[in-house]
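Please keep the sequence and the model at hand while reading.

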Amino acid sequence: MQSIPADMASPRPKSGISMLRSVGLRLFISVVGGSLVGLLGTTYWSYRELARQSEAELMSSLQVKTENLEGDFSALESSTKTVVDAVKTLYASGERREEVYSDLMYRALQTSVLGTGLGFGQPPNDRRIIPSLQYAYPYVARQKKTGSVEPPKLGNTDPTNFTTNYFQQPIAAGKPIWLEPESYVEDSLTPPQTLVSTSYSMPFYDDQKQLLGVLSQDLGLGFLSKKLNVPVMRDAGYFLLVSAQGNLIAYPPNPQQALNLTPFPS
C-alpha cells in the first residue's frame, strides 16, 4: 500500500470558521427577517391609518352634503306650508275667484328659490274654494332655460289631473308626502315642455276637517344633480341620491340618467 504524503492529505474542517459563518447567516436572516416584519407592520399600520382618515373624511363630507340637502328640502317644505296657509286664509275670508288664487301661485313661485312648479287642485265633486269651475287647478311653472315663471292660464284643466298620484296619494296618506319623481308634459308653459321632478304635496282641510284641496310644489331633478356635482374627496367619486322606490334622483356623473328615471340597480 502506497502512503499519501502529508501535504496532499484532505484538510480537516476548520470548525471555528464554519461556526462563524453559521452564526453570521443566522444573524443576517434574523436582521432581514426583523426588518421585513417591521416593514410589513409599518405598511399595515400606514394602510389602516390611511383607511381611517379616508373613512373619516368621507363621513364628514357625507354629513355636510346631507345637512345641506336637508336644509333645501326643509326650505321647500316650509314655503309650501306657507302657501297653503295663504290659500286657507283667503278661503276663510270668503274669496272664491280663480284669478286671485292663480295670482297667489304666480307670486309665491317667483319668490321660491327651489320650486319649479306650484299649484293646487280641489275635489271636482266638492268645490269649496273655486265653486264656479269643476276642474280648477291654479298652477304655474318655470321655464327650464330662463328660470322665469310664466303667468297662469285660467279656466278648467284636464280632468285626469285629479286622478294622478300627485293629487290622490296625499289624500290617501292624509298628510304631506314627497312623491316619486315623474316625467310629464307641462302644458301651462308655452310651448309645452317635458319636465322631470319630484314634488312635496300636502292635502289641506277646513276647520271642520273637510278636504279643501291638495297643493304641490315641484322640485326639478336637474337641480339636485347640480347640488351633488362636486367630487366627494380628492377629486374622486360622487354621492348620488336614490328615491324610496329605487329610482335615481340625482346622479352627478350622468344627470340624464336621473332625468330618464333610471332604476338605481341598472
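## The second largest pocket

About 420 Å³ is the volume of the second largest pocket. A pocket is an open set of points on a 1 Å grid over the protein atoms alone, where a 1.4 Å probe fits and protein lies on both sides within 12 Å along at least five of seven lines; lining residues have an atom within 4 Å of a point. Grid points are joined across faces, edges and corners, and a volume is the space filled by probe spheres set on the points. The second largest pocket is lined by 16 residues, and Thr116, Lys144, Gly220, Gly222 and Phe223 are the closest to its centre. Strand 5 and helix 4 (221-227) are the elements that give two or more residues to this lining.

By class, the lining of the second largest pocket holds five nonpolar, seven polar and four charged residues. Here Ala, Val, Leu, Ile, Met, Phe, Trp, Tyr, Cys and Pro count as nonpolar, Asp, Glu, Lys and Arg as charged, and the others, Gly among them, as polar.

## Basis of the model

The model is predicted: local features need pLDDT of at least 70, side-chain atom pairs count only at pLDDT 80 or more, and totals for chains, interfaces and linings use all residues. Residues are numbered from 1 along each chain as its sequence is written, and side-chain values use heavy atoms, with hydrogens and water left out.

## The largest pocket

The largest pocket contains about 560 Å³ of space. Its lining consists of 24 residues, with Tyr139, Asn161, Tyr166, Glu186 and Asp187 nearest the centre. Strand 4 (182-186), strand 5 (193-205) and strand 6 (211-220) are the elements that each give two or more residues to the lining. Strand 4 supplies the largest share, four residues. By class, the lining of the largest pocket has seven nonpolar, 10 polar and seven charged residues.

## The chain as a whole

The protein chain has five helices and eight strands. Both kinds of element are DSSP runs numbered from the N terminus: helices (H or I) have at least four residues and strands (E) at least two. From the N terminus on, their order is α-α-β-β-α-β-β-β-β-α-β-β-α.

Of the 266 residues in the chain, 35% count as buried; buried means under 20% relative accessible area, exposed over 50%, and partly exposed in between (1.4 Å probe, protein chains only).

## Salt bridges

The whole structure has five salt bridges, each a side-chain nitrogen of Lys or Arg within 4 Å of a carboxyl oxygen of Asp or Glu. In one of them, Lys227 and Asp72 meet through their side chains at 3.0 Å, N to O. This pair links distant parts of the chain, since Lys227 is in helix 4 and Asp72 is in helix 1 (residues 15-92), 155 residues apart. Lys227 is partly exposed at 26% relative accessibility, whereas Asp72 is buried at 16%.

Arg128 forms a salt bridge with Asp126 (3.2 Å, N to O) and another with Asp206 (3.5 Å, N to O). Because Asp206 lies in the loop between strand 5 and strand 6 and Arg128 in the loop between strand 1 (117-121) and strand 2 (139-141), their pair ties together parts that are 78 residues apart in sequence. Asp206 is buried at 12% relative accessibility. Through shared partners, salt bridges join Asp126, Arg128 and Asp206 into one network.
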